[in-house]
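My notes follow in the order I checked things.

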Amino acid sequence: MSKIRAFTMPKWGIEMTEGTIAEWKFGEGESFSKGDLICLIETDKITNEVEAEYDATVRKIVVPSSDQPEPVGALLAVFDDGSASDEEIAQFANDFVPAQGGVAEGKQKKKEGEPKEAAIEGHEDKPKAITIDTNRPISPEALKLAEAEGVDISDIEGSGRGGRITFQDVQQALRGPSTASPKGTAVLPEETDVFASPLARRIAAIHGIELGSIKGTGARGRISKKDVLAKVPEDSGSSAPAAFGAPFQAVPNEAKVIPFDKIRKVVAKRLTAAKQNIPHFYLRVSVKADKMLELRKTANLVLGTKASVNDYVVMAAAKALAAHPDVNVQLHGEEIHSFPHADIAVAVASPKGLVTPIVRQADRMRIDQIAAKTKELIGKAGEGKLGFEEMDGGTFTVSNLGMFGIENFDAIINPPQGAILAVGGAERRAVETDDGGIEFATMISFTLSVDHRAIDGALGAQFLKTFKGLLENPEELFA
């Protein structure tokens, strides 16, 4: 009997409700092997490369690549071992029902009144219930589901303790492949035999550079990012000044039209909705940073680390959030979710635009651990290799533009979070001392953008007071 498998829209993270098929790597009738790249799926945060978990043949593509999103759980394609008839594949796709409780279930219910394809004679119904006799560790509910759905558990790798098969493992086997190796993507040149890094291929594709013409300087002759950047032509527009005394002549100044890519469209939509629907208010404070800067130098020498000023800001924000859990929140509909630990999202520039990877439970980390984690995340962001799990969730965001000389700014809240902290640049200012004198101090401006539906002004002010106290008395960060 042939083994027909459904390939459905996977779910990466609690907030994901839909995704878009950007590209299929295999067409109908083509076979793939375990580990092959099947397709590219775009979400509102990242482009994911979905790899095959088993060998199979693409028998039917239900949803072709397009700009239209599909809900989580929706049937995207049908795979099998190549032995099923076209009639069996068509009937399987026609009879497919999304998993109960899934996002796509509502979409399926809307179709109940629509006529289905004609029944195929000789088609076998859904697998009959079976009895499974096994000595493998498996939960009672998982065994019950496997027997009811006729699932062969020999191919299931248990994710529970000691390899125990869980209820979710059986559900995953019923749905087909739904895991991914998020790495980012771009339309690449045709030179598939050229030994180049993924980032080098993306840059070459953007600038129309043939990789075959580049000599790689990396290990074993691999073409790296710097090799491609060396070939990127400078702006062809002439900026040289006219000869002295020559009359001014205008040159063409035509606009270069750059349409939004799919991710930019989603980002624009989310930020617009956030600014329109979230009642922002702003709290501002300036912090004397001299003690923190001195302690940073000493701590970096003692700990053998290279913690940045932003790492100390993240640490202070995390400890202040732990002290004020009513600010460490997410807003879901008419419910406020308050968290005991601070998952700090750090705004980072990447080839795909602004991304916000998360330092999990930063309030429980030492400064050297925070520094190592942020360095890792920033490195991945620069290479476009951030995974979905590294950006999903977060209870608070820190956005720092101080390194660009920005004195202060107002950041837009990243829903469902309740607040975001904007960090300005450090500058020397004349300030009044406790005895009424004047001295110069290094000051950093901070602006807290707050969702007034979840956080009141007094709560935000108390958080900033604690945050300021930690930075101005940085030894308390190590208490």
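**Entry 1: strand β6.** I began with strand β6 (residues 56-61), where 5 of the 6 residues are buried, so the rest of the structure largely encloses this strand. Buried means under 20% relative accessible area, exposed over 50%, partly exposed in between (1.4 Å probe, protein chains only). Helices (H or I, at least four residues) and strands (E, at least two) are DSSP runs, numbered from the N terminus.

I noted the ground rules here. This is a predicted model: local features need pLDDT of at least 70, side-chain atom pairs count only at pLDDT 80 or more, and totals for chains, interfaces and linings use all residues. Residues are numbered from 1 along each chain as its sequence is written, and side-chain values use heavy atoms, with hydrogens and water left out.

**Entry 2: the sheet around β6.** I looked up the strand order and found β1-β8-β6-β3, an open sheet of 4 strands with antiparallel pairing. Two strands pair if DSSP finds at least two bridges between them. The edge strands are β1 (5-8) and β3, each pairing on one side only. Strand β3 (residues 31-32) is joined to β6 by 2 bridges. I located serine 31 and found threonine 57 of β6 as its bridge partner. On to strand β8 (residues 75-80): its antiparallel pairing with β6 covers 4 bridges. Valine 58 has phenylalanine 79 in β8 as its bridge partner. β1 and β8 run antiparallel and share 4 bridges. There, phenylalanine 7 is partnered by alanine 77 of β8. Helix α1 (residues 86-95) packs on this sheet and touches β1, β6 and β8. Its direction makes about 150 degrees with that of β8.

**Entry 3: the other four-strand sheet.** I traced an open sheet in the order β5-β4-β2-β7, again with antiparallel pairing. β5 (47-51) and β7 (70-71) are at the edges with a single partner strand each, so one side of each has no neighbour in the sheet. Strand β4 (residues 37-42) meets β5 over 5 bridges. I found glutamate 42 opposite threonine 47 of β5.

**Entry 4: α3 against α4.** What angle do helix α3 and helix α4 pack at? I read about 25 degrees for α3 (residues 140-149) and α4 (residues 167-175), with the axes 7 Å apart. Axes are lines fitted to C-alpha atoms, for helices over the stretch in contact, and angles run from 0 to 180 degrees between N-to-C directions. I listed the contact residues (contact means heavy atoms within 4.5 Å). Among them are Leu145 and Ala146 of α3 and Phe167 and Val170 of α4.

**Entry 5: α11 and its cover.** Helix α11 (residues 457-472) has 16 residues and reaches 22 Å from first to last C-alpha. Its buried residues include Phe463, Leu464 and Phe467. I checked what covers the buried residues of α11; the list includes β16 (396-400), β17 (419-432) and β18 (438-451). β16 and β17 run parallel, joined by 4 bridges. Valine 398 sits opposite leucine 421 in β17. Leucine 421 also has leucine 448 of β18 as a bridge partner. β17 and β18 pair antiparallel over 12 bridges. They form a hairpin with 5 residues between them, and glycine 436 in the turn has a positive phi of about 90 degrees.

How values were computed:
The expected span of a helix is 1.5 Å times one less than its number of residues.
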